[in-house]
Amino acid sequence: MKRLILIPICFVALAVPVVVLANGAQGGFDGVVSSIETRYHVHAQRIPFLGLISLISHKATNGGVNGMHVAEIDDFHADVDGEELNKMVQQKLGSEWERVIRETSRKGNSQTMIYMHPEGQRMGLFVLDLDGHEMDVVQVSVDPNHLSENIGKYEHRHGKDDADRSEMDDSDSN
């Protein structure tokens, strides 16, 4: 009987280091958000029921968008070294993610980074946007071909009438 008690105790003793190590080696979206929380002493608000919202967006876009992750940090008052933030994000996302945009204001209080990652026929997008005292972190998987087909429905096509109307508007303003 005493031996049976040792089994759960040993299991718990072995499970604790595994859980601690797994959380410490966290990468991807959760790794980036956790690193920002730790480094800048802030708390990220995750959107409730985001899994359900992601499922609905997947259905609504006929598979064009899915896998959404969103975290918002309000009252972000820390000074941010853009290079340090960039390295932190790059390290947590991994080498398969490629930064395609990095925009930093002169004062450094506004920064935007956009990363892309090929996922077969899909494209992973990761966006980090710091604007004043608010930071938003978003990750989503999109089907570029599907979105391209559907976005064409909303394009404004310039026809001859539009060109004539544009010329009349220009002449009226003179």
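Helices (H or I, at least four residues) and strands (E, at least two) are DSSP runs, numbered from the N terminus. The model is predicted: local features need pLDDT of at least 70, side-chain atom pairs count only at pLDDT 80 or more, and totals for chains, interfaces and linings use all residues. Residues are numbered from 1 along each chain as its sequence is written, and side-chain values use heavy atoms, leaving out hydrogens and water.

Now pick Gly82, Leu85, Asn86, Met88, Val89 and Leu93, the buried residues of helix 4 (buried: under 20% relative accessible area; exposed: over 50%; partly exposed in between; 1.4 Å probe, protein chains only). Look down the axis: they fall within an arc of 165°, so they line one face of helix 4. The arc uses directions from the helix axis to the C-beta atoms. Lys87 and Gln91 are exposed on the face turned away.

Move to Phe29, Trp97, Tyr115 and Phe126, which form one aromatic cluster. Rings of Phe, Tyr and Trp (its six-membered ring) pair if their centres lie within 6.5 Å; planes under 30 degrees apart are stacked, over 60 edge-to-face, the rest tilted. Phenylalanine 29 and phenylalanine 126 are both buried. Tyrosine 115 and phenylalanine 126 pair edge-to-face, 6.2 Å centre to centre, with 70° between the planes.
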